[in-house]
Amino acid sequence: RSNYILKEDENAGSVYLADDVVAMIAGLAAIRDVEGVTAVGDSSKKSLASQNVKKAARGVKVEIADGIVNVELSLAISYGYNIPETCRKVQYKVAGTIENMTGLKVAGVNIRIAGLNMN
């Protein structure tokens, strides 16, 4: 675990952002905001309903350096969805959500399809 200084002000103090928080943002954006994504992590047996905030960070790796974020996600996709199109939607949604919520710039969102949900 590491922290990134998001804002530093001599008069008000500092705001630290944990990598885990950025990972949770990425995972939640993928499973809640993109149709066809059923799980974050390596198990295609997980359903969207079983994903909670802490589990959303599983299967997500983030690296933050100099205000730039790189994200790696492992996802399960529902059978019948176009994988490249769904992944593009995830990439845009994850990058946009991280940038809007944190003010950090996202350099890339790399995705590994780790499972296929047959439900």
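A term to have in hand before we start: a residue is buried under 20% relative accessible area, exposed over 50%, and partly exposed in between (1.4 Å probe, protein chains only). This is a predicted model, where local features need pLDDT of at least 70, side-chain atom pairs count only at pLDDT 80 or more, and totals for chains, interfaces and linings use all residues. Numbering starts from 1 along each chain as its sequence is written, and side-chain values use heavy atoms, with hydrogens and water left out.

**Stop one: Asp-66.** Select Asp-66, in the loop between strand 4 and strand 5. Helices (H or I, at least four residues) and strands (E, at least two) are DSSP runs, numbered from the N terminus. Is Asp-66 buried or exposed? Its relative accessibility is 76%, so Asp-66 counts as exposed. Check the backbone too: phi is positive, about 55 degrees, although Asp-66 is not a glycine.

**Stop two: the whole chain.** Switch to cartoon and you'll find three helices and six strands. Of the 119 residues, 39% are buried.

**Stop three: helix 1 against helix 3.** Select residues 19–33 (helix 1) and 83–102 (helix 3); they pack at about 135 degrees with axes 9 Å apart. Axes here are lines fitted to C-alpha atoms, for helices over the stretch in contact, and angles run from 0 to 180 degrees between N-to-C directions. That angle makes helix 1 oblique to helix 3: under 35 degrees is roughly parallel, over 145 roughly antiparallel, 65 to 115 roughly perpendicular, and the rest oblique.

Now show side chains. On helix 1, the residues in contact (heavy atoms within 4.5 Å) include Val-22, Ile-25 and Ala-26; among their partners on helix 3 are Val-90, Val-94 and Ile-98.

**Last stop: Val-90.** Zoom in on Val-90 and look for Ala-30, Val-34, Val-37, Leu-73, Leu-75 and Ile-111, which Val-90 touches, not counting residues up to four places away in sequence.
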